[in-house]
Amino acid sequence: MPNPWQIYDQLINAIPEELTVVSGAAGMRWCRVVSSDDGLGMSYTMPEQSRPVHFEGPTYVGAPLREIATLAKSWNFAEAGIGMAALNAWHCHPDRVGTAGFTPSPAGVWPRIFHPYSKTVAGKVVSVIGHFPFAFEPLAAASQLHVLERSTHPGDYPDPACEYLLPASDYVFISGSAFVNKTMPRLLELAQHATTIVVGPSTPLSPVLFDHGVDAITGFVATSPAELAESLGGLALSGMLDHGHIVERNLRAG
């Protein structure tokens with residue numbers, strides 16, 4: 001059985017030891033961390049305090065970025081959100097994503113990130129991990145469309161249905177927030193025979209994901225870290241695209 005921590009360790013170990021945290025906070029919806037090399041990472045806030053925290057410091061400020069990124073492995077999900085944000089402060093830095101082969105997404109805005117797949121999913125079995133309300137219209141041509149969610153909306157499947165539905169899916173879209181609750185390694189294993197796309201602002205923009213069965217990545221790059229960190233204190237994504245842009249890389253396209 002594959003080591004489920006491997007993808008986390010590879011992402012964490014890529015972070016230089018000398019970088020530090022300039023600011024870090026968890027908002028109502030988004031965790032965000034700004035690094036000493038002017039990177040901004042974000043991750044979906046999961047407020048569950050189910051296990052004791054690992055980091056006992058009074059503040060994240062000044063702590064090594066890699067140390068805070070290791071909190072992505074915490075089973076205290078509130079702490080793990082900060083860890084993923086710290087990890088993304090490195091991997092989603094604008095100076096690195098271009099070198100890693102990411103380019104601006106033609107979708108431009110989050111409600112259109114599924115539209116490029118409208119034709120390719122026609123007649124296929126599609127599963128979407130996470131309730132994206134804007135996924136239904138562009139994926140409507142699928143022969144079957146399964147939306148799986150931990151906090152279900154009417155018509156959704158509860159997330160344990162992944163064990164049954166993903167192995168029979170042709171396309172699987174996974175929210176990057178699955179890194180926070182540790183379901184990502186298992187979801188990728190279940191989707192190994194599907195075309196698998198990881199999407200959302202919580203997604204690490206790293207080619208490491210391709211080594212674990214991901215076929216395409218759609219995420220976010222901040223170009224004004226301080227301004228974005230401030231705007232993410234609320235519930236909405238408003239203002240996000242004023243301080244950055246959506247990027248993507250499709251492994252099959254090179």
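Strand 10 and strand 11 (residues 244–250) pair in the antiparallel sense over seven bridges; pairing here requires that DSSP finds at least two bridges between two strands. Strands are DSSP runs of E with at least two residues, helices are runs of H or I with at least four, and both are numbered from the N terminus. The model is predicted, so to speak of local features requires pLDDT of at least 70 and side-chain atom pairs count only at pLDDT 80 or more, while totals for chains, interfaces and linings use all residues. Residues are numbered from 1 along each chain as its sequence is written, and side-chain values use heavy atoms, with hydrogens and water left out.

How much of strand 10 is buried? Seven of the seven residues (216–222) are buried, so the strand is largely enclosed by the rest of the structure; buried means under 20% relative accessible area, with a 1.4 Å probe and protein chains only. In a regular strand the side chains alternate between the two faces of the sheet. Here A216, T218, F220 and A222 are buried on one side, and I217, G219 and V221 on the other.

Most residues other than glycine have a negative phi. D38, in the loop between strand 2 (30–35) and strand 3 (40–44), has a positive phi near 65°. K182, in the loop between strand 8 (171–175) and helix 6 (184–190), has a positive phi near 75°. K182 counts as buried, at 10% relative accessibility.

Notes
Buried means under 20% relative accessible area, exposed over 50%, partly exposed in between (1.4 Å probe, protein chains only).
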